[in-house]
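Morning, everyone. Please bring up the structure and keep it open while I talk.

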Amino acid sequence: MESLLVSSTCSTFSPILSPHKHALTAKPFFARAARLPFLAHASQHVNAPPASMAKEKEAKLWGGRFEESVTDAVEKFTESISFDKALYKHDIMGSRAHASMLAFKGLISENDRDTILQGLDEIERQIEAGKFLWRTDREDVHMNIEAALTDLVGESAKKLHTARSRNDQVATDFRLWCRDAIDRIISRIKNLQVALIKLAIKNEGLIVPGYTHLQRAQPVLLQHLLLAYVEQLERDAGRLADCRERLNFCPLGACALAGTGLPIDRFMTSDALGFTAPMRNSIDAVSDRDFVMELLSANSITAIHLSRLGEEWILWASEEFGFVTPSDAVSTGSSIMPQKKNPDPMELVRGKSARVVGDLVSLLVLCKGLPQAYNRDLQEDKEPVFDSVKTIAGMLEVSTEFAQNITFNQERIQKALPAGHLDATTLADYLVKKGIPFRTSHDIVGRAVALCVSRNSQLLDLSLDELNSISPVFDKEVYEFLGVENSIKKFSSYGSTGSECVASQLDYWIAKLEIQ
């Protein structure tokens with residue numbers, strides 16, 4: 001799941017800007033490298049801590065007004081590099097945009113910009129090669145990269161934090177990370193939708209019992225049931241897309257909370273990073289975590305849908321139902337009972353939904369009492385988000401594989417269909433078409449069902465004389481409404497389980513999802 005924590009889409013800085021296009025045209029690495037011969041030794045600078053580190057602690061980048069170092073316990077308790085290093089690509093991406101803007105506005109020189117960009121390139125390579133030394137004494141991903149950049153390129157790196165705070169820096173990084181995460185989750189939702197559609201196509205015409213209150217209700221086409229989950233997943237994707245649209249505003253340049261008096265161009269960095277626009281209010285920019293809560297809320301609803309799908313397939317795979325047989329590829333056994341074949345993946349999907357919901361609750365409680373603007377509490381927003389995204393992605397992936405590896409047992413399902421008088425409502429509709437008020441029809445059919453229960457028979461088994469003993473309205477046409485196959489044929493309302501309606505729904509999804 002590492003790929004879900006670190007996007008592969010933002011490793012290169014490719015700004016698309018207007019009217020500042022010329023300002024962010026960075027020279028390629030090999031052209032800049034000639035002016036920085038010390039990069040030949042970059043690995044030792046990035047990886048090796050200073051020799052003095054064993055003797056005394058490195059001065060904090062914010063340590064000018066402090067006379068003492070923090071205790072080891074405080075340093076260990078406050079570090080976040082153990083988890084926020086997952087933001088490294090987005091942190092470097094933001095720094096590239098910021099450095100280029102600073103140069104364009106004359107706040108740093110072009111040479112400083114090129115030096116910074118080249119150093120960031122090297123640090124990114126070192127991280128991806130697994131050679132970068134993440135140091136807890138440098139607290140977080142931002143200070144690790146900035147301090148390493150200073151070790152690597154010297155004084156130019158000290159200019160990078162001009163008109164920038166870690167407050168707006170982390171808010172920018174996190175929005176970029178969440179934006180990429182949403183794109184990946186939506187892609188996995190589509191994969192599951194496609195798997196469900198293909199499963200529906202494979203089981204054309206198969207009728208299954210429909211349930212309410214977990215009791216037999218009416219017959220439905222299996223395709224119709226599977227499409228219900230496709231619809232839920234579409235809403236899940238829509239919520240994520242809406243969240244993406246709302247989060248896609250840039251905090252960078254808001255600084256600590258009040259903005260800056262330096263002549264920066266926030267629109268330029270916003271454009272470079274693919275945001276819609278800069279956030280209008282600098283206080284809101286650094287303190288807002290609505291986008292995080294919204295993402296975790298969307299993930300939680302998706303998790304609930306997957307849990308419901310898992311519950312249904314778990315039940316249907318049981319001996320009591322026997323409607324579904326998972327393949328060995330998506331099943332596990334028992335350590336003591338040799339006969340067992342368990343649908344464990346979907347049980348874990350059901351179980352992990354609690355974890356995703358818990359991540360949301362953690363964020364809601366975290367944010368509920370925070371005053372404006374930024375507070376260190378917000379350091380705790382990362383791990384629940386990383387966990388939620390990793391978990392929901394795994395749930396979607398394994399649900400897709402399960403859908404690709406199950407068989408519906410048509411013979412077992414057909415044997416089970418007669419029980420439960422699934423055609424009772426269709427029989428009531430027949431009486432309505434004969435001019436009988438629905439409540440009266442409901443009563444008549446109820447008495448017919450009671451007669452069947454007393455005889456252990458089905459409605460279709462009742463003779464016309466027996467039906468007429470309940471109501472004289474019945475005629476021989478009634479048998480065109482009895483039995484599950486006839487019931488399915490009678491459904492005609494938009495969105496219903498009728499064959500033509502379901503075929504229309506299926507055609508819609510095949511076209512929308514571009515299924516071949």
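I'll start with the whole chain and then move to a few places worth a look.

First, a caution: this is a predicted model. Keep that in mind throughout.

The overview, then. The chain has 21 helices and six strands. Of its 516 residues, 50% are buried. What about the surface? The chain exposes about 24,600 Å². Carbon and sulfur atoms supply 53% of that. Now contacts along the chain. Take those with a separation of 6 or more: residues 24 or more positions apart account for 78% of them.

Next, the inside. How many residues does the largest nonpolar core have? The count is 100. Trp313 and Phe408 have the most contacts inside this core. Its largest share comes from helix 9, residues 166-202, with 14 residues. There is also a second, separate core of 19 residues. Leu431, Val449, Cys452 and Phe481 are among its members.

Stay with Trp313 for a moment. Leave aside residues up to four places away in sequence. Trp313 then touches Leu196, Leu199 and Leu226, among others. Its list also includes Met346, Ser399, Phe402 and Ala403. Ile406 is on it too, and so is Phe408. Click on Trp313 and you can follow these one by one.

On to the strands. Strand 1 covers residues 207-212, and strand 2 covers residues 215-221. They pair in the antiparallel sense, over six bridges. Val208 stands opposite Val220 in strand 2. The two strands form a hairpin, with two residues between them.

Look at the turn. His213 sits there, in the loop between strand 1 and strand 2. Its phi is positive, about 60°, although it is not a glycine. Is His213 buried or exposed? Its relative accessible area is 76%, so His213 is exposed.

Now compare another histidine, His421. Its phi is also positive, about 50°, and again it is not a glycine. His421 lies in the loop between helix 16 (410-416) and helix 17 (424-433). Its relative accessibility is 14%. That is under the 20% cut-off, so His421 counts as buried.

Next stop: a peptide bond. Most peptide bonds are trans. The one from Gln372 to Ala373 is cis, with omega near 10°. Where does Ala373 lie? Look in the loop between helix 14 and helix 15 (382-403). Ala373 has 9% relative accessibility, so it counts as buried. What is it in contact with? Neighbours within four places in sequence aside, the answer is Leu257, Ile283, Val286 and Ser287. Ala373 and Ser282 are 91 residues apart along the chain, yet their C-alpha atoms are separated by 9.2 Å.

Last, back to the surface. Val361, Leu364 and Val365 form a nonpolar patch there. Together they have about 240 Å² of accessible area. Leu364 belongs to helix 14, residues 344-367. With a relative accessible area of 41%, Leu364 is partly exposed.

The bond from Gln372 to Ala373 is cis. Thanks, everyone.

Methods:
Residues numbered from 1 in each chain as written. Predicted model: local features only at pLDDT ≥ 70, side-chain atom pairs only at ≥ 80, totals over all residues. Heavy atoms only, no water. Patch = residues over 30% accessible without salt bridge, like charges linked within 9 Å, V, L, I, M, F, W, Y side chains within 5 Å. Areas by Shrake-Rupley, 256 points an atom, 1.4 Å probe, with all protein chains shown as cover. Salt bridge = Lys/Arg side-chain N within 4 Å of Asp/Glu carboxyl O. Helix = DSSP H or I, 4+ residues; strand = E, 2+ residues; numbered from the N terminus. Buried < 20%, exposed > 50% of the residue type's maximum accessible area, 1.4 Å probe, protein only. Contact = heavy atoms within 4.5 Å. Pairing = 2+ DSSP bridges. Core = buried A, V, L, I, M, F, W, Y, C linked by side-chain atoms within 4.5 Å.
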